[in-house]
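Open the model in your viewer and keep the sequence panel beside it. This tour tells you what to select next and what is there.

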Amino acid sequence: MSTETIEVGGLRQRYGDFEAVRGIDFTVPRGGLFALLGTNGAGKTTTMEVLEGFRPAASGTVRLLGADPYRDRKALRPRVGIMLQESGLLGDLTVAETVDLWRDLHKNPIAKDEALKKVDLADKSDTRVRQLSGGQKRRLDLALAVVGRPEVLFLDEPTTGMDPEARIATWRLIQELVAGGTTVLLTTHYLEEAERLADRIAIMHRGEIRIAGTVPEVVAGHGDRIAFRVPANTPIDTLPRIGGTAPEIAVADGLPTARYTVTGGEPDGRAHLAVAQLLTWASDCRITLDRLSVRPASLEDVFLSIVENQ
Ligand SMILES: Nc1ncnc2c1ncn2[C@@H]1O[C@H](COP(=O)(O)OP(=O)(O)OP(=O)(O)O)[C@@H](O)[C@H]1O
């Protein structure tokens, strides 16, 4: 028997003639947190909806807790928590009434006060849902998703609209749930959210997973970034090519800034060699490399290179 809580193999999904998901594969073990990142319309929500059992897979294999999420959705429902992108809350109910309604759907729900405390809405208990702010509604959505003590949690852009404090509190709650063994599939446009929370991520673009792995694995092949400013009138056309690549030059506040992406070679030594080459050039030109920075590629760099180049 598989030890994976979520299994997706060769999943394809169409809307009429349009293929929104074009053969994707990933698995999430019990207690893992997998984040799907990607451009608008990449197919993240569609993938999640198949796993949530809202529609059958057009082709491919999809298993949730060892079962078919569409055919076995009745049996799976009590074991799964879902936070959709668009909340379907009833505006006339109070926060407390809403939580009560959801608690009634579960056999062993957490206490109402505990649910509201988890998402910092205890003081809004008697407020009508329509009077909540966007971020507060998101927090109520999250309380409803966790009220039934789910084994698997689907979170579709959970922190959109939340202020930074609420976002950090939400991350803490998600981390507690994962530490307790809950398996989470998350979609997000916040790269920092994925970096903080996920064991593994996938970046989707146009219905395909373009890259997947742990964050260090994903950024590993994308080189280092070197940037510096030089005084005006520096002969920037004499800047060395590094690894066969010329720098990108941008002018800010009247001063040229050079940026290199350094790939190839041994990761441990390539930035060192590149900087040595640049310092020699600077010394020959009798200038200083102002605000010299050297860093490995970030998740944002990888994301942008996927989106811009493909
Ligand atoms: N019900 C639908 N009918 C037709 N096309 C749809 C439907 N739902 C989604 N699509 C299309 O399928 C593609 C994938 O949409 P999906 O919502 O899965 O993307 P997403 O990655 O979640 O995007 P976002 O980050 O904007 O939420 C998009 O091009 C979208 O327009």
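Start with a term for the tour: a residue is buried at under 20% relative accessible area, exposed at over 50%, and partly exposed in between, using a 1.4 Å probe and protein chains only. Helices (H or I, at least four residues) and strands (E, at least two) are DSSP runs, numbered from the N terminus. This is a predicted model, in which local features need pLDDT of at least 70, side-chain atom pairs count only at pLDDT 80 or more, and totals for chains, interfaces and linings use all residues. Residues are numbered from 1 along each chain as its sequence is written, and side-chain values use heavy atoms, with hydrogens and water left out.

**Whole chain**

Show the protein chain as a cartoon. It has ten helices and 13 strands. Its C-alpha trace spans about 75 × 45 × 35 Å along the principal axes. Of its 310 residues, 46% are buried.

**Helix α1**

Color the buried ones: Lys-44, Thr-46, Thr-47, Met-48, Glu-49, Val-50 and Leu-51. Now step just past the helix to Gly-53, which takes a positive phi of about 85 degrees.

**The ligand**

Color the shell by type.

Next, draw distances from the ligand oxygens to polar side-chain atoms. A polar contact here is a pair of N or O atoms within 3.5 Å. For Asn-40, a side-chain N or O atom is 2.9 Å from a ligand oxygen. For Lys-44, the distance from a polar side-chain atom to a ligand oxygen is 2.8 Å. For Thr-45, the corresponding value is 2.7 Å.

**The nonpolar core**

A nonpolar core is a set of buried Ala, Val, Leu, Ile, Met, Phe, Trp, Tyr and Cys residues joined through side-chain atoms within 4.5 Å. The largest one has 44 residues. Select those with the most contacts inside it: Leu-33, Leu-140, Leu-155, Ile-201, Ile-203 and Leu-299. Helix α5 (residues 134-146) gives the most to this core, with six residues. Color domain 1 (4-219) and domain 2 (222-308): both give residues to the core, so it lies between them. These bounds come from an automatic or database domain assignment.

Most residues other than glycine have a negative phi. Go to Leu-65, in the loop between β4 (59-64) and α2 (73-76). It is not a glycine, yet its phi is positive, about 50 degrees.

Move on to Glu-157, between β6 (152-156) and α6 (164-179). Its phi is also positive, about 50 degrees. Is Glu-157 buried or exposed? Glu-157 is buried, with a relative accessible area of 13%.

Finish at Asp-237, in the loop between β10 (224-229) and β11 (248-252). Asp-237 is exposed, at 70% relative accessible area. Its C-alpha atom is 9.9 Å from that of Ile-249, twelve residues apart along the chain.

Technical notes. Polar contact = N/O pair within 3.5 Å; in protein donor to acceptor, adjacent residues only side chain to side chain.
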